[in-house]
Amino acid sequence: MIRGLAVIASLFANQAAAADFYFCWKGANGYTMTGQMTITPSSLNKPVVTQDDVNLFKIAGYLDGQLLGKWDMATRDDTDSWLLNYDPGRSVFMTPGELGVGVSQAWNADGTAEDCGNPGFGFNLGNYAQDFCLDGVWIEPSGIPPETPFLVSPVPVDPLCRVYAPTS
């Protein structure tokens, strides 16, 4: 009984010590995306954090501030694309050019119109662009150049990429 309680307490302690991060991506033509991820504390010392180091991850896509769709790792299917490369030292999601790969971020979209947020919402950062997918359709007007820095914040942001300021 005591051993079981100790295991449960350690699980809560590890979750409480996990690091939360927020991000907002600004695409082209009024497209934005907000998101949140929780990373295991031990992974923050790694040069590259991957999807295997993330406990919580969720995104929501918008057009002119209006919700288009959402996706999260908790409800993902085994067939959903899920690839993440984050540099905790610089607080950025890494680009394909930095990693020498074709796609560095695949969040329910793998960089092709063949696996493109179907069903639902998806985002990818590939060698052609950073862009959205919605219900199996590539949203080309959302795209921006792949080398554009994609920064991460320690505080929440809104769909227009404004940082939430604490109030007193």
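Arg-90 is partly exposed, with 43% relative accessible area. The model is a predicted one. In this model, Arg-90 pairs with Asp-87 in a salt bridge with an N to O distance of 2.6 Å. A salt bridge also joins Arg-90 to Glu-98, where the closest N and O atoms are 2.5 Å apart.

Asp-87 has a relative accessible area of 13% and is buried, while Glu-98, at 38%, is partly exposed.

By the rule used, there are four salt bridges. Among them is the pair Lys-46 and Asp-53, at 2.9 Å from N to O. Lys-46 is partly exposed at 34% relative accessibility; Asp-53 is buried at 9%. In general, oppositely charged side chains can pair when their charged atoms come close.

| Salt bridge | N to O distance |
|---|---|
| Lys-46 and Asp-53 | 2.9 Å |
| Asp-87 and Arg-90 | 2.6 Å |
| Arg-90 and Glu-98 | 2.5 Å |

The largest nonpolar core consists of 26 residues, and Met-33, Met-37, Phe-57, Phe-93 and Trp-107 have the most contacts inside it. Two or more residues of this core come from each of strands E1 (19–26), E2 (31–39), E4 (54–63), E10 (121–126) and E12 (137–144).

Beyond its neighbours within four places in sequence, Met-33 has contacts that include Phe-23, Trp-25, Ile-59, Tyr-62, Trp-107, Phe-121, Phe-123, Phe-132 and Phe-150. Cys-24, Ala-60 and Gly-61 are also in contact with Met-33.

Terms used
Residues numbered from 1 in each chain as written. Predicted model: local features only at pLDDT ≥ 70, side-chain atom pairs only at ≥ 80, totals over all residues. Heavy atoms only, no water. Core = buried A, V, L, I, M, F, W, Y, C linked by side-chain atoms within 4.5 Å. Buried < 20%, exposed > 50% of the residue type's maximum accessible area, 1.4 Å probe, protein only. Helix = DSSP H or I, 4+ residues; strand = E, 2+ residues; numbered from the N terminus. Contact = heavy atoms within 4.5 Å. Salt bridge = Lys/Arg side-chain N within 4 Å of Asp/Glu carboxyl O.
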